[in-house]
Amino acid sequence: MSEKANTRYVTTTLPYVNADPHLGHALEFVQADCFVRHSRLSGYETFFNIGTDEHGLKVLRKAEENDLEPQEYVDQYAERFRSFADELNIDYTNFIRTTDSYHKHAAREFWKKAKEGGFIYKKHYRVKYCVGCELEKTDSELVNGRCPVHPNMEIELIDEENYFFTFSRFAEDLIKLYEERPDFVLPDYRLNEIKLFTERGLNDFSISRLKEKMPWGVEVPDDEEHVMYVWFDALVNYISTLGWPDEEETFNSFWPVIQFAGKDNLRQQSAMWQAMLMAAGIEPSKQVVIHGFILNDGEKMSKSLGNVIDPLDLVNSFSAEALRYYLLRHVHPFEDSSMSVESFGESYNGNLTNGLGNLVSRILKMYIQYEVEVSLETVEDIYLSEESKEFRELLDAYEFNRAMDYLWREMSELDEIIQEEEPFKLIKTDPDKAKETVAYLAIRLGDIAALLTVAMPETGKRIRELLEEREMPEPLFPRK
């Protein structure tokens with residue numbers, strides 16, 4: 001599929017507002033933000049969507065537990081996630097909430113299109129249901145009668161009349177999509193996983209709940225007794241954020257979307273949502289990029305184990321830039337990764353304080369003291385240069401860790417030049433040669449800083465300002 005000449009549309013999944021932001025949210029936000037900044041510097045007009053998923057039984061029960069009206073509860077949590085994104089310097093275009101009136105309008109219009117196409121019907125059914133996942137569960141998916149993802153929650157039995165989506169009718173179309181576009185889901189083993197899931201046969205899934213039992217949702221068009229199932233409503237955000245169905249020009253300019261999602265969202269994003277788009281006559285997504293989980297020393301983080309690492313604690317103790325660095329360089333873009341507060345601190349001191357921070361101080365000190373003058377190219381020119389091609393290609397492939405390694409190799413080369421040529425000694429015997437070396441180091445540092453702006457925007461910008469203003473800074477990354 002050809003990409004529109006000069007636009008890209010990127011989205012994260014919408015965090016569910018039943019708990020505070022966690023490291024998985026931070027990872028997805030930062031990965032997507034890095035790709036968006038890269039896209040913009042690469043010349044694409046880029047629309048970046050984030051937001052919050054606010055309907056469903058889980059949210060209703062959380063509101064009741066806190067003695068709040070559902071809207072009051074979700075308002076508080078939406079603000080927490082918006083503040084969280086701002087703390088991480090996420091440069092989003094729109095923050096959508098599934099309680100927004102324009103989103104609810106779009107969800108109803110989407111329902112009507114799917115129903116008019118004959119893809120929605122009503123039937124009585126009985127099913128086992130995990131409230132934690134907001135998904136139906138078969139016996140084969142349960143371990144000791146419980147959902148393996150939410151073993152602390154009782155499986156519930158739903159026995160009622162609901163509307164259903166004809167998921168089973170889209171198996172062939174989905175398989176064709178996966179075969180024709182081998183990079184539709186990344187990494188490739190996730191594509192194979194969803195392809196096998198689809199080949200085993202798809203079951204139609206419920207897309208409504210009785211309003212008298214679960215009133216917190218978008219009302220079904222022409223049936224006030226039902227509200228939409230949370231997944232059906234929430235997935236529509238990826239098009240409602242672009243103004244679908246009313247703002248055709250904006251929608252057509254940016255659709256289809258590159259979606260960032262966790263591995264627990266594989267089925268919903270790469271199969272359920274794609275079938276829904278087909279039912280509404282809308283082109284499938286451009287790509288679904290799946291990341292793994294962050295583990296604490298190899299164990300899944302959970303409150304019951306007491307091993308949860310709060311990303312805001314890391315921001316407050318170190319900095320948002322340090323967290324962005326760690327998530328992009330030390331967390332694998334596709335596989336599960338293990339971390340601890342100790343490993344974070346070691347990386348901070350080793351790679352930021354002693355590494356980048358020390359290199360900047362050494363070069364700036366000589367640059368100012370020896371009265372060297374250089375003219376830095378613009379960030380845009382550096383980014384689009386032939387010399388930066390490898391870095392851009394790594395980000396186009398979502399290889400964030402390798403792109404960061406590329407920058408740190410560049411920094412290591414500057415350290416080696418300082419050690420080998422010793423301009424701090426050479427200034428006494430051959431000042432012209434020393435100044436020439438320092439000028440080269442300053443230009444290269446400015447180039448690295450330009451590329452760094454997509455990953456650590458404040459740091460990259462600050463380094464270039466220091467070079468341009470000839471200013472010795474406080475340590476960029478104070479030792480912790």
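This is a predicted model: local features need pLDDT of at least 70, side-chain atom pairs count only at pLDDT 80 or more; totals for chains, interfaces and linings use all residues.

Residues are numbered from 1 along each chain as its sequence is written, and side-chain values use heavy atoms, with hydrogens and water left out.

**Whole chain**

The C-alpha trace spans about 90 × 50 × 40 Å along its principal axes. Buried residues make up 57% of the 480 residues, where buried means under 20% relative accessible area, exposed over 50% and partly exposed in between (1.4 Å probe, protein chains only). Of the contacts (heavy atoms within 4.5 Å) with a separation of 6 or more, 76% are between residues 24 or more positions apart.

**The second largest pocket**

Next, select E136, T138, N203, D204 and R267, which lie nearest the centre of the second largest pocket among its 22 lining residues. Elements giving two or more residues to this lining are β4 (120-130), β5 (135-137) and α10 (266-279), and β4 supplies the largest share, five residues. By class, the lining holds eleven nonpolar, four polar and seven charged residues. Here Ala, Val, Leu, Ile, Met, Phe, Trp, Tyr, Cys and Pro count as nonpolar, Asp, Glu, Lys and Arg as charged, and the others, Gly among them, as polar.

**K137**

Now select K137 in strand β5. Is K137 buried or exposed? At 13% relative accessibility, K137 counts as buried. Leaving aside residues up to four places away in sequence, show its contacts: K128, C130, L142, C147 and I155. For a distance across the model, pick the C-alpha atoms of K137 and T250, which are 38 Å apart.

**Two peptide bonds**

Most residues other than glycine have a negative phi, and most peptide bonds are trans. Select L186 and P187, joined by a cis peptide bond with omega about 0 degrees; P187 is in the loop between β7 (185-186) and α6 (188-199). Then move to W244 and P245, where the bond is cis with omega near 5 degrees. P245 belongs to the loop between α8 (237-240) and α9 (248-254).

Select E371 in the loop between α13 (341-369) and α14 (379-383). Its phi is positive, near 55 degrees, and E371 counts as exposed at 63% relative accessibility. Y398, in the loop between α15 (389-396) and α16, has a positive phi near 65 degrees. With a relative accessible area of 2%, Y398 is buried.

Finally, select residues 400-421, helix α16, whose 22 residues reach 32 Å from first C-alpha to last, close to the expected 32 Å. That expectation is 1.5 Å times one less than the number of residues. The tour ends at E422, which follows α16 and has a positive phi near 45 degrees.

Methods: On a 1 Å grid over the protein atoms alone, a cavity is a set of points where a 1.4 Å probe fits but cannot get out, and a pocket is an open set with protein on both sides within 12 Å along at least five of seven lines; lining residues have an atom within 4 Å of a point. Helices (H or I, at least four residues) and strands (E, at least two) are DSSP runs, numbered from the N terminus.
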